Protein chains: 2
Amino acid sequence: MRHMARARLEARQLWLDWADGGSDAFPYIWLRDTDPAGFHPRTGERVFDLTSVPLDLAPEAARIEDEALVLDWPGDAAPSRFDLNWLRENRPGRRRPDPAHVPASSWRGDLGAAGIPRARAADVAESDAALADWLRRSKAMGLSIVEGLADDVEAGCRIARRIGFLRETNFGVTFEVVSKPDPNNLAYTADALPLHTDLTNQELPPGWQFLHCLANEAEGGGSVFCDGVAVAEDLALEDPEGFELLASVDIPFRFHDAETDIRTRKTVIRRGEGGRVEEICFNAHLADILDIDPAIMPGYYAAYRRLMQMTRDPAYLVTLKLKAGEMVVFDNRRVLHGRAAFDPSTGFRHLRGCYVDRGEFDSRMRVLARAAARTEPV
Amino acid sequence: MRHMARARLEARQLWLDWADGGSDAFPYIWLRDTDPAGFHPRTGERVFDLTSVPLDLAPEAARIEDEALVLDWPGDAAPSRFDLNWLRENRPGRRRPDPAHVPASSWRGDLGAAGIPRARAADVAESDAALADWLRRSKAMGLSIVEGLADDVEAGCRIARRIGFLRETNFGVTFEVVSKPDPNNLAYTADALPLHTDLTNQELPPGWQFLHCLANEAEGGGSVFCDGVAVAEDLALEDPEGFELLASVDIPFRFHDAETDIRTRKTVIRRGEGGRVEEICFNAHLADILDIDPAIMPGYYAAYRRLMQMTRDPAYLVTLKLKAGEMVVFDNRRVLHGRAAFDPSTGFRHLRGCYVDRGEFDSRMRVLARAAARTEPV
């Protein structure tokens with residue numbers, strides 16, 4: 001049988017010429033550091049000590065054997081053996097696939113409430129496949145609704161815990177959005193809440209937010225959502241300079257009360273790899289007094305105010321009135337949320353909220369993908 | 001009485017010429033957005049709606065009155081009134097002071113165990129002043145020891161909770177570092193653990209770590225600490241190109257077990273404002289297979305291995321053997337920790353650990369500073 005690759009040795013690296021065309025370079029120091037025998041068989045942690053070999057080490061011999069690359073090292077180190085398929089998939093310069101990577105599918109007002117992905121609480125609770133499917137659809141849109149929750153204050157958090165542990169904040173592990181007929185602070189008014197993301201004053205604002213609707217009997221009180229990725233994408237096209245300011249100038253955020261004073265600086269838009277918008281931090285309530293250079297301040301205010309106007313433009317908004325037994329789930333670092341004014345004299349409104357961070361959400365997607373791969377029909 | 005400032009109006013901003021020299025520019029849109037009346041009196045949150053005014057608004061009149069700047073706006077908006085001292089302190093372009101800001105005081109091996117700041121558990125538990133003092137000293141060095149803890153597994157976490165709530169991770173809210181005579185995985189061996197920071201695979205690695213020593217009766221098992229800021233500072237001087245690679249190229253980290261698969265990408269060194277080193281993420285166990293461009297890989301490995309060697313160089317290390325009743329406290333995003341090998345047949349070793357994030361730590365410093373200001377003798 002013809003080998004799938006041929007090895008060529010240079011001074012500091014080895015080339016593999018693949019039988020079906022193309023070549024990849026593998027630095028010797030990478031090969032030594034990446035030898036599968038240098039990772040703990042159970043935890044997968046690296047146990048190989050990089051300082052135990054010189055930087056300019058080179059194998060004494062390399063050969064292809066049973067579709068594996070075998071390297072003989074000087075001294076008494078055991079030979080390294082790499083499966084060729086594995087080497088191709090894990091070659092330097094190639095990002096490994098991530099089951100948690102789902103491209104953001106940006107949406108605007110024409111999505112409509114009917115376009116929001118939905119799942120049944122019982123399915124998500126009982127079936128890993130349903131859970132995986134719901135997480136994937138939620139991640140694409142940054143927003144979904146779970147329906148059929150029990151009339152139990154713990155029902156929403158139970159579903160959130162199917163994903164991972166809850167993210168505690170200075171407001172606790174869970175929080176109650178309850179509007180009182182006799183409001184005693186801002187959070188308890190019946191006023192409209194403009195669109196925002198939560199806790200932008202934290203170094204890491206909470207990732208996924210879960211709002212389980214236990215009662216929504218008042219007139220008004222509809223929920224409003226806006227895809228921050230869509231708004232930022234459009235801003236980048238319509239006002240590239242404004243976008244650049246919001247993505248590069250960090251501004252102060254702050255929340256303080258009797259027991260806390262939590263501050264951070266952030267850009268309103270954060271770009272990730274390839275310049276893709278990965279995060280929106282927008283909360284006019286928590287934005288602290290702007291302290292940026294007065295020379296760029298007028299331009300900054302223009303961009304910031306424009307973004308704010310876009311988050312209130314019906315062209316970007318999906319509105320719906322949550323029903324008791326429904327839970328809205330959204331990526332708080334992407335999708336802005338708000339609520340319409342309501343009339344507290346006409347009925348009771350109670351949402352119970354919690355958060356699970358992006359890290360735990362993505363971890364659950366990966367673990368579920370692993371299990372799914374094992375059970376796939378052959 | 002002569003006013004402390006004189007106001008000059010331009011088209012889009014106002015200048016204040018201070019009586020003692022110097023002038024500052026205040027854009028009108030900033031003044032409108034920053035009007036103290038636009039913030040909620042109790043929560044301090046901004047309630048003023050920026051979209052309710054045009055970007056190019058300008059006051060109809062400005063005057064200095066009782067050491068305050070008073071602006072009359074067009075339409076029916078109430079005049080804005082700013083205390084002149086407040087304006088000077090909060091002028092655009094000036095960073096407001098932060099009681100949690102303590103410059104990092106970098107240290108090396110010559111600090112010695114005797115140089116580590118210490119506090120008494122009873123003092124920290126009972127006195128806010130002692131707590132504030134301990135936090136300030138801990139923050140400067142990134143490392144301290146609390147002594148005199150009760151022989152109670154909860155004693156360390158009780159002190160941590162004086163600062164803020166505990167940061168949960170996939171290892172739980174607290175964790176037990178227990179070495180067993182019959183180890184069943186890597187964490188339970190009696191081997192030396194090279195210096196590292198914890199959970200570099202998390203988007204936000206835990207901030208402050210608390211390790212309460214309940215027993216340390218085995219031979220060996222000393223703790224080792226290394227100031228990542230000092231190492232990074234020296235690397236920047238000795239190998240600027242290597243420093244730049246570690247501060248600009250992000251690499252993959254990963255932890256996975258049966259229930260989790262948590263991944264992130266990070267630079268090993270993170271710089272903050274003014275280029276100051278703000279964070280070190282260094283954990284060879286959790287560093288995933290390096291996937292960066294093969295063209296920069298040899299240079300990257302050289303820098304990374306050099307940093308690794310520095311973290312093991314006695315010139316940077318402080319070693320000590322924790323005693324039962326002591327708790328070591330360190331900024332896990334700055335100070336690397338490790339342990340010497342020990343002989344489990346000679347005795348029991350048990351540390352109980354937990355984390356409090358930097359955000360909660362800094363918040364507690366600010367709240368304590370507020371209380372201290374109120375009680376200062378006049």
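What follows is a tutorial dialogue on a predicted model.

Q: Into which domains is chain A divided?
A: The assignment gives domain 1 (5-89) and domain 2 (109-369). Taken over C-alpha atoms, the centres of domain 1 of chain A and domain 2 of chain A are separated by 46 Å.

Q: How is the size of an interface stated, and what is buried between chain A and chain B?
A: An interface is often sized by the accessible area that is lost when the parts come together. Here chain A and chain B bury about 6,800 Å² between them, and 53% of it is on carbon and sulfur atoms. In terms of residues, 80 of chain A are in contact with 81 of chain B.

Q: Which residue of chain A forms a salt bridge with B:R96?
A: The partner is A:D288, with the closest N and O atoms 3.6 Å apart. This pair crosses between chains: B:R96 sits in the loop between α2 (84-89) and β7 (118-120) of chain B, and A:D288 in the loop between β17 (277-280) and α8 (297-310) of chain A.

Q: Are B:R96 and A:D288 buried or partly exposed?
A: Buried means under 20% relative accessible area. B:R96 has 21% relative accessibility, so it counts as partly exposed. A:D288 has 15%, so it counts as buried.

Q: Which parts of chain B does the pair of B:R366 and B:D98 tie together?
A: B:R366 and B:D98 form a salt bridge, their closest N and O atoms being 2.7 Å apart. B:R366 lies in helix α9 (residues 358-375) of chain B and B:D98 in the loop between α2 and β7 of chain B, so the pair links parts that are 268 residues apart in sequence. B:R366 is buried, at 5% relative accessible area, whereas B:D98 is partly exposed at 25%.

Q: Where do B:D133 and B:R137 lie?
A: Both are in helix α4 (residues 128-141) of chain B, four residues apart, which is about one turn of the helix. B:D133 is partly exposed, with a relative accessible area of 32%, and B:R137 is partly exposed with 30%.

Q: Which residues are linked in a network of salt bridges?
A: In chain A, such a network links A:R63, A:E65, A:D66, A:D72 and A:R81.

Q: Which strands pair with β11(B), and in what sense?
A: Strands of a sheet pair through backbone hydrogen bonds, either parallel or antiparallel. β11(B) is joined to strand β19 (residues 327-331) of chain B by five bridges, and the two run antiparallel. In that pairing B:F210 stands opposite B:V329. β11(B) also pairs with strand β22 (residues 349-356) of chain B in the antiparallel sense, over eight bridges. There B:H212 stands opposite B:R352.

Q: Why is strand β11 of chain B described as largely enclosed?
A: Nine of the nine residues of this strand (residues 208-216) are buried, so the rest of the structure largely encloses it.

Q: What is the strand order in the open sheet of four strands?
A: The order is β10-β20-β13-β18 (chain B), with antiparallel pairing. β10 (193-196) and β18 (317-320) of chain B are the edge strands, each pairing on one side only. On average, neighbouring strands of this sheet are turned by 15° against each other, direction ignored. Helix α6 (residues 228-238) of chain B packs on the sheet and touches β13 (223-227) and β20 of chain B. The direction of α6 makes about 45° with that of β13(B).

Q: How is β10(B) joined to strand β20 of chain B?
A: Two bridges join β10(B) to β20 (residues 335-339), and these strands run antiparallel. B:L193 stands opposite B:R339 in β20(B).

Q: Where is A:L199 found, and what is its phi?
A: A:L199 is in the loop between β10 (193-196) and β11 (208-216) of chain A. Its phi is near 55°, a positive value in a residue other than glycine. A:L199 is buried, with a relative accessible area of 6%.

Q: Is B:D66 buried or exposed?
A: B:D66 counts as exposed, at 66% relative accessibility. B:D66 lies in the loop between β4 (61-65) and β5 (68-72) of chain B, and its phi is near 55°, also positive in a residue other than glycine.

Technical notes. Residues numbered from 1 in each chain as written. Chains lettered and ligands numbered in written order. Predicted model: local features only at pLDDT ≥ 70, side-chain atom pairs only at ≥ 80, totals over all residues. Heavy atoms only, no water. Buried < 20%, exposed > 50% of the residue type's maximum accessible area, 1.4 Å probe, protein only. Pairing = 2+ DSSP bridges. Domains from an automatic or database assignment. Axes fitted to C-alpha atoms, helices over the stretch in contact; angles between N-to-C directions. Contact = heavy atoms within 4.5 Å. Buried area = accessible area lost by both parts, 1.4 Å probe. Salt bridge = Lys/Arg side-chain N within 4 Å of Asp/Glu carboxyl O.
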